[in-house]
Amino acid sequence: MIPGHAPAARSTPVDSDRRNALKLAGLSIAFLWTGTSGTASAAMNARRQSSDPATAAADGNPPFAPNAFIRIDTDGSVRLVMPSVEMGQGIYTGACMMLAEELGVGLDQIKVEHSPPNDQLYASPFLGGQITGGSTSTRGQWQVLREAGAVARTLLISVAAQRWHVDPSACSVARGVVSHPGSGRTLTFAALAKSAGALPMPGKVELKDPKAFTLIGKPLQRVDSADKIKGATQFGIDVRLPGMKVATVRACPTFGGKLVAVADEGARAIAGVIDVVRLDNAVAVVGENFWAAKQGLEALEIHWDHGNNADLTTAKLRAALAEKLSNGTSIIAREDGKRPAGGKSIEAVYQLPLLAHAPMEPLNTTVWVTADKCEIWVGSQVPTRCVAEAAKITGLPQEKIVLHNQYLGGGFGRRLETDSVEQAVNIAKQLKYPVKVIWTREEDIRQDIVRPMYHDRISAVLDAAGRPVWFGDRITGGTVLGRWAPMAMGKNGLDDDLVECAEKTPYEFANVKVEWIRHDMPDGLLIGWWRGVGPTHNLFVVESFMDELAHAAGKDPLEYRRALLQQNSRSLALLNLAADKIGWNSAALPPRVGRGIALGEPFGSRICVIVEAEVTAQGEVRLRRAVAALDCGIAINPSSIEAQVQGGLIFGLSAALYSGITIKEGAIEQSNFHNYRNLRINEVPLIEVHRVESAQPPGGLGEVGTAIAAPALGNAIFAATGVRLRSLPVDRRLLVQNAEALRRTVI
Amino acid sequence: MFRLRINGGELSVDVPAGMPLLWVLRDAIGLTGTKFGCGIAQCGACTVHLDGQAIRSCVLPVGSIGDRAITTIEAVGKTPSGQKIQKAWLDVDVVQCGYCQSGQIMSAAALLAHTPNPTDDDIDAAMSGNICRCGTYVRIRAAIKQAATGDAEVLQAIAPAGAA
């Protein structure tokens, strides 16, 4: 989402004007926007701490809390407060490693805490708000969390050095103990914390030389694993409060529809049903437990006003996009040179579907509204936005909204929205007791804020040698950013995310034009962030088309890409590494087995993936092998990196093979995992992840695998069958062995 | 009123016979380690053991259980196969968001109890009812093999938190 790099650090003195230095270093600040607190450009800081005594008291008044991330208690125990939320991506482990590396403690010596909602203390330097998304956490925190650890270490050493009358530079810290090797003296954090808390902030702190790292770069076990394997981790859905009831809800299935009336006698007759709550566009049934509430919901007779979208279908949405692609006015993202006359012209239209997120933990929120307070328990990627919305709904000031963030059972962008939290607050406002609102899986899919659909016309002109002398991409689709953070839209109303990985590719093109035609969805059909967003969409189109160009030029797809990467050594190295690892030039593959390459530079990282797939005579696709070559800059935790690439690829391959949300009568047709399929373990092959060492600043990782998955699969299917898939998900009817005959009769 | 044998103990719950075991565990008893994912036995997040067999608790009416012994994620570590599986899950660092992992571990522990040295096909058959949206399948397979054989199956060695 954000093409930005923090400057490299090698034992770099960092001063409090760091942010200005970052701006000068060219960090992308396009996404800095006015946070929900109304304060522009909030960003976490290694020296800032809450000055509110009530907050400190709630935190147990730790004697040493030099910033918003580190608390050292009287007994020396170390608590680390996590600025991002943990939704599987491993950021709690990564953030702990960055803090602990400079602080001088082991991961087994710390306790991890969720951060409270606070843009001033925890806003992402990339996103300007307390937001976990866009694969920005590690990139945004790489400097500031190490600096935060170094600030704490510097102060602890200062106290010890003063007591010993020695030079601070002669002291060191490891595993929570400050030592002076010259004299053999040691002091624990417990002995130093109170005095360290009385010292003023140091102006400059020294960051470790990467060669001296003891944690960063090691494949350490996650800090959240031990509880998760025992079922002991509390997710939002696990919250239990005294007097709490459980509700489940049905909103109008038609986009933008409203509630007219509901007959609830049947529901109220069910044992355990307590209340029926009416909202503008939904009905909730409250029960003693979820089962009672669900039974009650099914017993309701609901009358909806289906509104303006009552006859909306996927076909209509597609037709409108196609019309806009042909006739719409575009915003230019990039234009270098002109389309040359002559040469071999190639053009194709690619289509991508709406997608649901379907995180394993269905959306849920627990809320307790009283006269002067609203308390919320939820796993959210945007806690401060939840607070702001709850304040609007309840009429309470923001300081009266208390939000307890939880572990997230998957996010994938769905929990960047506040709709389910707003709904729960609206329900709780009508009740006198705490209520946990849990969406059924059916509600979770039908009320998703879906990934946009796209129609793109991509074109190229090849010279006599088959090299592209023109690359044109005309992207058509709706903007997520335009709704979610309209203030962050770029020049001329451009959505930078929407063109990422099309506007800039790894390759050399002499003449380029990349443009976007904005096509808003009908009112009521909301589109949202979905793992990989812009790059996931554009890499499928661009990398599938690169294969088309290789084929048109009569070249091997590997050799064709190589020739275009002569000025891009980092990506060329990945292409060669992946090809080497899979044995690209090894013995011929069996019939109907093919390998597909995809290469991209999303989220500040670089990745090349080669998928090997077999297509059966019946058109079923079987994944045989996948190899990834990755350059993500400095590796914080190589184990997490491998896991993110494997998992990201599986998420992207799942979508490419099976996922597509379709609309009938203005409503989502899919409802649960039987008709919104996902890859299962029996369909997933070994996925090798090969990482090149790098001293560059860290790149993003949470979405990289997802973004590169679909084109590698599509290219493998082409290699296996000769069928070029220009729309997703994979249509098996096109892949049966006598596909031509079938195409005439079915399509 | 139903008398249930759960995790080595017995307790009575006053719930309707048709209430699925999942909601008895989560809402009536307060054992929240067993998760709700789909409600139609499609995702496996709610997997528990009934007399050692892996079953989907979201579609199992409590009235049909009788005196069969229920084991949940909170107690599976007391069984030999559950203990091995949980250790391998840590050693291979399988989890990501972790929400499906209670169900994955319950399915894997039941597999290992009945099939001490599972083949890839055995793993596919036992584990394909459990969806993981984070995509931890490669490590799940490695962890099951590691639990069975004791041999490291990992793609890279993962160090415990206190290693450095």
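**Entry 1. Confidence**

I began with chain B, which averages a pLDDT of 95. In that chain, 95% of the residues score at least 70. I noted that this is a predicted model. For the complex, the predictor gives an ipTM of 0.97 and a pTM of 0.94.

**Entry 2. Where the chains meet**

Next I looked up the contact of chain A with chain B. I found 59 residues of chain A in contact with 57 residues of chain B. Which helices of chain A each supply at least two residues of the side that touches chain B? I listed α7 (225-228), α9 (290-299) and α19 (638-658) of chain A. The largest share of that side comes from α19(A), with 8 residues. I also sorted the chain A side by class. It has 29 nonpolar, 18 polar and 12 charged residues.

**Entry 3. Two domains in chain B**

I then turned to chain B on its own. It is divided into domain 1 (2-71) and domain 2 (76-158). I took the centres of the two domains of chain B over C-alpha atoms, and 22 Å separate them. How many residues of domain 1 of chain B are in contact with domain 2 of chain B? I counted 15 residues of domain 1, in contact with 13 residues of domain 2.

On the domain 1 side, β3 (47-50) and β4 (53-56) of chain B each supply at least two residues. The largest share of this side, 3 residues, comes from β3(B). By class, I noted 5 nonpolar, 9 polar and 1 charged residues on the side of domain 1 of chain B that touches domain 2.

**Entry 4. A helix pair in chain B**

I stayed with chain B and looked up two helices. Helix α3 (residues 101-114) of chain B packs with helix α5 (residues 137-149) of chain B at an angle of about 35°. Their axes are 11 Å apart. Is the crossing left-handed or right-handed? I recorded that α3(B) passes α5(B) in a right-handed crossing.

I went on to the residues that meet. From α3(B) I wrote down B:Gln104, B:Ala108, B:Leu111 and B:Leu112. In α5(B) they meet B:Ile140, B:Ile144, B:Ala147 and B:Ala148. By class, this contact has 7 nonpolar, 1 polar and no charged residues.

**Entry 5**

I checked one pair of strands here. Strand β25 (residues 621-631) of chain A pairs with β28(A) in the parallel sense, over 5 bridges. A:Ala628 stands opposite A:Val689 in β28(A).

Then I looked for helices on this sheet.

**Entry 6. A sheet of 3 strands in chain A**

I found an open sheet of 3 strands in chain A, in the order β2-β3-β4, with mixed pairing. Its edge strands are β2 (70-72) and β4 (110-114) of chain A, and each pairs on one side only. Neighbouring strands of this sheet are turned by 25° against each other on average, direction ignored.

β2(A) and strand β3 (residues 78-82) of chain A pair in the antiparallel sense, over 3 bridges. I looked up the bridge partner of A:Ile70 in β3(A), and it is A:Leu80.

**Entry 7. Backbone notes**

Most residues other than glycine have a negative phi, and most peptide bonds are trans. The peptide bond from A:Leu728 to A:Pro729 is cis, with omega near -5°. I placed A:Pro729 in the loop between α20 (704-721) and α21 (739-746) of chain A.

Phi of A:His165 is near 55°, a positive value in a residue other than glycine. I placed A:His165 in the loop between α5 (137-164) and β5 (172-174) of chain A.

Conventions
Residues numbered from 1 in each chain as written. Chains lettered and ligands numbered in written order. Predicted model: local features only at pLDDT ≥ 70, side-chain atom pairs only at ≥ 80, totals over all residues. Contact = placed C-beta atoms within 7 Å. Helix = DSSP H or I, 4+ residues; strand = E, 2+ residues; numbered from the N terminus. Nonpolar A, V, L, I, M, F, W, Y, C, P; charged D, E, K, R; others polar. Domains from an automatic or database assignment. pLDDT = per-residue confidence, 0-100. Axes fitted to C-alpha atoms, helices over the stretch in contact; angles between N-to-C directions. Left-handed = near helix turned anticlockwise from the far one by under 90°. Pairing = 2+ DSSP bridges.
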